[in-house]
Amino acid sequence: MQTADDQPYAAEVPLYVRWNPGQSPCAIELRLDLVRSITDTIADAETIGVEIGGILVGSLPTESTPVLRIDGFTIVPRPAEDGPVYLLDPLEQERFAAIRAGASQNETTSVGFFRSHIRPGPLRPSLADRSLLAGQFGDAAYAVLLIQARKPRTAAFFVAENGQLPTEPSVPE
């Protein structure tokens, strides 16, 4: 397509992967170019044997658009010396809250949490994850994305409704 000035029109429209989970009141969309970015970041952390985590940013579902859309992420770092499991101390939880608030001020919205998973067993939010999220998101809708750190990488989405996370993934692994 050409513009009036005969300059090429170069608008790039982002592509999304979409899931319509039966156990959730909304669809989930993940910006496709984030998949590589997130997995590369997780692979780097895996080399030193630690989990990483952070905030998912995007847009929340509305009555007219029942879609939770994920357009980006922000790592909430913690020292590797604190151990391999992603567990935030009270000061790190304050930083998590500040980063979350900053995301909302930058014309985006905090829509959830993600974490890599190096623990044994299935991809499920830990008690520490649930406590952190209850304190951060309260009764809001939000998503949790857990990603297996080791190859082959699998992932599971959990969508909280009225602040309650389901025990099983909203989207199968």
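Reader: How do the side chains of E46 and R153 meet?

Author: The side chains of E46 and R153 form a salt bridge, at 3.2 Å from N to O. This pair links distant parts of the chain: E46 is in helix α1 and R153 in the loop between β6 and β7, 107 residues apart. The term needs a side-chain nitrogen of Lys or Arg within 4 Å of a carboxyl oxygen of Asp or Glu, so 3.2 Å qualifies. This is a predicted model: local features need pLDDT of at least 70, side-chain atom pairs count only at pLDDT 80 or more, and totals for chains, interfaces and linings use all residues. Residues are numbered from 1 along each chain as its sequence is written, and side-chain values use heavy atoms, without hydrogens or water.

Reader: How are helices and strands assigned here?

Author: They are DSSP runs, numbered from the N terminus: helices are H or I with at least four residues, strands are E with at least two.

Reader: Why is E46 put in its accessibility class?

Author: E46 has a relative accessible area of 29%, so E46 is partly exposed. Buried means under 20%, exposed over 50%, and partly exposed lies in between (1.4 Å probe, protein chains only). R153, at 25%, is partly exposed as well.

Reader: How many salt bridges does this rule give?

Author: The count is 8. One of them joins D33 to R31, with the closest N and O atoms 2.9 Å apart. D33 is partly exposed at 47% relative accessibility. R31 is partly exposed at 26%.

Reader: What makes E51 and R119 a pair?

Author: Their side chains meet in a salt bridge of 2.7 Å, N to O. E51 lies in the loop between α1 and β3 and R119 in the loop between β5 and α3, so the pair ties together parts 68 residues apart in sequence. Salt bridges with shared partners join E51, R115, R119 and D129 into one network. Both E51 and R119 are buried.

Reader: Is D129 buried or exposed, and how do you know?

Author: D129 has 2% relative accessibility, so D129 counts as buried. D129 is in helix α3, residues 127-137. Beyond its neighbours within four places in sequence, D129 is in contact (heavy atoms within 4.5 Å) with Y86, F113 and R115.

Reader: Why does R78 have no salt bridge, and what is the nearest side chain of opposite charge?

Author: The nearest such side chain is E92, at 4.9 Å. For charge, Lys and Arg are positive and Asp and Glu negative; His and the chain ends are not counted.

Reader: What does the side chain of R78 reach at 2.9 Å?

Author: It reaches the backbone oxygen of V85. The backbone oxygen of D82 lies 3.4 Å from a polar atom of the R78 side chain. A polar contact is a pair of N or O atoms within 3.5 Å; within protein, one must be able to donate a hydrogen and the other to accept it, and residues adjacent in sequence count only if both atoms are side-chain atoms. R78 sits in the loop between β4 (67-75) and α2 (90-105).

Reader: Which class does P84 fall into, and why?

Author: At 42% relative accessibility, P84 counts as partly exposed. P84 is also in the loop between β4 and α2. P84 and V50 are 34 residues apart in sequence but 4.0 Å apart, C-alpha to C-alpha. P84 touches G49, V50, E51, R78 and I118, leaving out residues up to four places away in sequence.

Reader: Which residues touch the most other members of the largest nonpolar core?

Author: L56 and I70 do, in a core of 23 residues. Of the elements, α1 gives the most to this core, with 4 residues. A second, separate core of 19 residues includes F113, L132, F137 and Y142. A nonpolar core is a set of buried Ala, Val, Leu, Ile, Met, Phe, Trp, Tyr and Cys residues joined through side-chain atoms within 4.5 Å.

Reader: What makes β3 mostly covered?

Author: In β3 (residues 53-59), 6 of its 7 residues are buried.

Reader: How do you know that β3 and β5 pair?

Author: Pairing needs at least two DSSP bridges between strands. β3 and β5 have 6 and run antiparallel, so they pair. I55 stands opposite F113 in β5. β3 and β4 are also antiparallel, joined by 6 bridges, with G54 opposite I75 in β4.
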